[in-house]
Amino acid sequence: MTLAIILALLAVAVPPVLIWMAKGRIWSSRSVERIQPVDLEAFRNLIDPEEEEFLRVNLPAADFRKIQRERLRAAVEYISCARDNAAVLLHLAEPARRSTEPAVAEAAARLINDAVSLRLYALLVIPKLYVGMVLPGRPVIPVRVADRYEQLTRQVARLGLRTPAADAAMQA
Amino acid sequence: MGYREKRYILCPVVHMRFTALLWHILWFARVALLPVLLAVVLRRKFYQRFPVFSAYTGWSAFAGIAFVVMNYSPAFSGKQYFEGMVIDSVVATGIGIGVIYEVLRAHLRSHAALDAAGKTAFRWVSVLLLALGILLAWLLPSRAPYMPMSMYQVLQRTMETVQAGLLLFLFSYCAYLRVPWRSQEFGIALGLGILVSAGVAGLAIRSQIDTGVLNVSTDIQTIFTEGAYLGSVCVWLIYILAAEETKEPIPRSLPKHDLESWNQELGRFL
């Protein structure tokens with residue numbers, strides 16, 4: 001009977017929880033002042049596989065594990081901050097999607113897509129970083145993917161296209 | 001919904017307990033309101049955007065009237081009434097899960113990446129919830145003395161637990177991604193949430209107190225579930241009749257951002 005009562009109470013709590021999730025949290029942050037600047041270059045450095053390899057080779061194992069944990073913790077904070085910024089941007093862009101100016105409406109649609117994609121990426125990436133904190137020796141970014149990414153950025157640079165990733169590759 | 005013995009056809013209304021009278025009123029109100037909801041759905045061409053929900057409304061309206069007829073017509077036995085309940089349960093559960101999936105698709109239609117991820121997550125969450133429901137069925141069997149009724153209660157509770165869990169997943173997925181709800185999608189999902197959560201709560205208690213005889217305790221449980229069902233129908237009506245909200249002022253420009261670069265960087269992890 002106790003389990004039945006617990007199940008009944010949990011079930012009764014479902015509709016208020018649904019309302020809270022749909023209405024309560026969504027409208028909590030919408031001011032542009034709440035956007036915090038996040039240094040993308042610093043983040044790139046934190047997750048750079050070459051940097052990680054350099055530290056692994058040059059530091060004692062215990063020090064490497066400790067530093068790698070700190071680096072990953074910082075990376076999580078960067079992503080969390082970018083994720084929160086995406087939420088604010090999403091709320092600012094949502095009404096702009098109804099704009100009568102096609103350029104504004106299109107930019108808003110693109111911004112919304114980017115913002116929700118970022119939040120989805122953050123949802124998938126942050127647990128990976130936590131796993132990396134527990135097992136600091138394990139590479140966080142799959143090497144083959146990282147290699148391919150580098151290859152792509154080089155190709156982009158060769159084509160003379162300017163993207164943030166290409167800029168970083170050229171500076172390196 | 002709740003189990004009703006066909007004994008009330010023999011009792012004049014004046015001899016009914018107050019609690020029994022109350023759940024009858026709620027039952028009849030719900031049965032009367034469902035065809036109104038169906039008419040609104042058809043008149044507003046709601047079936048073009050939400051065909052599964054429209055089918056759910058149609059089925060509920062039909063089943064509601066059918067059960068009233070079966071309850072009061074001497075042509076139908078208690079066994080046939082019970083068989084009708086089983087059929088209704090199977091159909092309503094199937095369409096109910098379809099409604100949740102339809103709301104998910106409608107909600108994420110404009111976000112291709114989220115739509116694909118949402119569909120995959122929906123399947124996995126369904127499997128996990130089914131496992132949870134089976135575990136609950138094992139931990140919390142029904143005490144109803146009549147074996148088919150006992151099985152029905154446990155199966156119905158399991159299916160409603162799955163639906164309530166899917167709705168929680170849907171709302172939490174959208175809340176995390178900050179995808180704003182359109183009022184009609186929200187109304188459909190909320191109405192279904194009220195209905196299935198009341199069903200789980202009612203059946204969790206009913207499966208433990210059912211002695212095979214209708215009494216004040218079972219009446220109170222039925223009042224709760226019938227009240228919730230009536231509430232869901234009202235929620236659906238209100239949200240379908242209400243126009244989509246457009247309160248937000250439209251900004252003339254958007255702030256600068258580097259979301260694309262962030263997405264490129266985070267995409268490297270996956």
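Chain A has 7 helices and 0 strands, where helices (H or I, at least four residues) and strands (E, at least two) are DSSP runs numbered from the N terminus. The model is predicted: local features need pLDDT of at least 70, side-chain atom pairs count only at pLDDT 80 or more, and totals for chains, interfaces and linings use all residues. Residues are numbered from 1 along each chain as its sequence is written, while chains are lettered from A and ligands numbered from 1 in the order in which they are written.

Along the sequence, the pattern of chain A is α-α-α-α-α-α-α. A residue is buried if 20 or more other C-beta atoms lie within 10 Å of its own, exposed if 12 or fewer, and partly exposed in between, with C-beta atoms placed from the backbone. Two residues are in contact if such C-beta atoms lie within 7 Å.

| Chain A quantity | Value |
|---|---|
| Buried residues, of 172 residues | 30% |
| Contacts joining residues at least 24 apart, among those between residues at least 6 apart in sequence | 62% |

In chain B, helix α2 (residues 51-72) has 22 residues and spans 32 Å from first to last C-alpha, close to the expected 32 Å; the expected span is 1.5 Å times one less than the number of residues. Its buried residues include V52(B), F53(B), Y56(B), S60(B) and M70(B). Among the elements covering the buried residues of α2(B) are α1 (18-43), α3 (78-108) and α6 (183-209) of chain B.

K45(B) sits in the loop between α1 and α2 of chain B. Its phi is near 55 degrees, a positive value in a residue other than glycine. Most residues other than glycine have a negative phi. K45(B) counts as exposed because it has 9 C-beta neighbours inside 10 Å.
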